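Here are my notebook entries from a look through this structure, in the order I made them.

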Amino acid sequence: MRKSLPIALLLAASTTLFALSQQDQQEKPLDPFEEAMKQRQQYLQNFGILPGDLFASQGEELFYAKRGPKEKSLESCDFGLGPGKLEGAYARLPRYFPDTRKVEDLETRIVGCMERIQGFRPEEIKRDEVVALTTFVASKSSKAKMEVRPQHPAEIAMYTLGRELWYTRAGPRDMSCAICHDSYAGKRVRLSPVMSPKQGLGSEWPAYRFEEDRMYTFENRIQFCYTSVGIPAPDFYSQPQIALTMYILAEASKAGHSFQELPFFTR
């Protein structure tokens with residue numbers, strides 16, 4: 001189990017590190033990738049651990065703790081490879097689960113297991129705990145090859161919905177995911193590099209964003225995209241979230257991409 005500074009203490013210190021970085025940029029602007037690597041190295045030198053690893057450690061503790069009205073751990077949760085088998089499971093999600101007769105992504109599956117196995121009511125489930133658990137389970141697929149390949153009719157239907165959402169134009173700017181991520185693939189919007197699914201979009205989440213001092217899951221990232229262009233974001237664990245995740249990761253899988261080191265560290 002990974003152990004080190006409390007998350008709150010480390011995140012507070014990160015503000016200082018980021019401020020120092022901003023001072024450096026006033027003299028010489030950094031490339032976003034170089035900036036992220038510089039920040040990452042500063043964290044390791046000063047604290048010996050990265051913030052994302054602390055979230056994964058918190059998620060590990062939550063995963064194996066006996067909690068909820070049923071006082072059960074999540075060790076019997078099946079992410080598609082068998083109960084409690086985590087290595088490589090995230091690389092195959094979203095997928096169809098016979099026990100729920102639904103296509104689920106990692107976050108939806110975790111929430112479902114907390115309800116079924118531990119007995120939590122939906123309103124009792126805390127978002128920050130889902131983020132930590134998602135970070136922990138996803139870390140077991142660090143650098144794994146993406147294997148999201150829709151085959152079950154429900155998976156194909158979810159992929160088709162995700163593709164429709166990808167190209168749907170909406171909001172005050174008449175934007176779609178494709179206008180930004182396909183048309184500007186390989187370029188930058190402000191300082192952020194833009195990737196298409198075929199270039200491996202999605203391979204870096206969950207990731208700690210040092211600029212925001214927050215851990216972002218894939219669903220957090222989708223919400224960020226929607227709100228940044230003025231479109232109401234889909235709810236967490238909703239069908240649009242799962243559909244877009246299915247489409248993006250299936251396209252990245254077809255192109256032969258692998259996940260980055262998870263949890264990733266980015267701007």
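I call a residue buried under 20% relative accessible area, exposed over 50% and partly exposed in between, using a 1.4 Å probe and protein chains only. This is a predicted model, where local features need pLDDT of at least 70 and side-chain atom pairs count only at pLDDT 80 or more, while totals for chains, interfaces and linings use all residues. Residues are numbered from 1 along each chain as its sequence is written, and side-chain values use heavy atoms, with hydrogens and water left out.

**Entry: cysteines**

I started with Cys177, which counts as buried because its relative accessibility is 18%. I then searched the whole structure for disulfides and found one; a disulfide here is a pair of cysteine sulfur atoms within 2.5 Å. Cys77 and Cys113 form it, with their sulfur atoms 2.0 Å apart. The torsion about the S-S bond of Cys77 and Cys113 is about 70°, so I noted the disulfide as right-handed. The pair links distant parts of the chain, 36 residues apart: Cys77 lies in the loop between α3 and β1 (95-97), and Cys113 in helix α4 (residues 106-116). Helices (H or I, at least four residues) and strands (E, at least two) are DSSP runs, numbered from the N terminus. Cys77 and Cys113 are both buried. Back to Cys177: it is in no disulfide, and the nearest cysteine sulfur, that of Cys225, is 6.5 Å away. Cys225 is partly exposed, at 24% relative accessibility.

**Entry: a three-stranded sheet**

Next I followed an open sheet of three strands, in the order β6-β5-β7 and with mixed pairing; two strands pair if DSSP finds at least two bridges between them. β6 (214-216) and β7 (264-266) each have a single partner strand, so one side of each is left without a neighbour in the sheet. Strand β5 (residues 207-209) pairs with β7 in the parallel sense over three bridges. I found Arg209 opposite Thr266 in β7. Helix α3 (residues 51-64) packs on the sheet and touches β5, β6 and β7, contact meaning heavy atoms within 4.5 Å. Helix α8 (residues 218-228) also packs there, touching β5 and β6.

**Entry: helix α2**

Which residues of α2 are buried? I listed Pro32, Glu35, Ala36, Gln39, Gln42 and Tyr43. The face of α2 turned away from its buried side carries the exposed residues Phe33 and Gln45. Just after α2, Gly48 takes a positive phi of about 75°.

Methods
Axes are lines fitted to C-alpha atoms, for helices over the stretch in contact, and angles run from 0 to 180 degrees between N-to-C directions.
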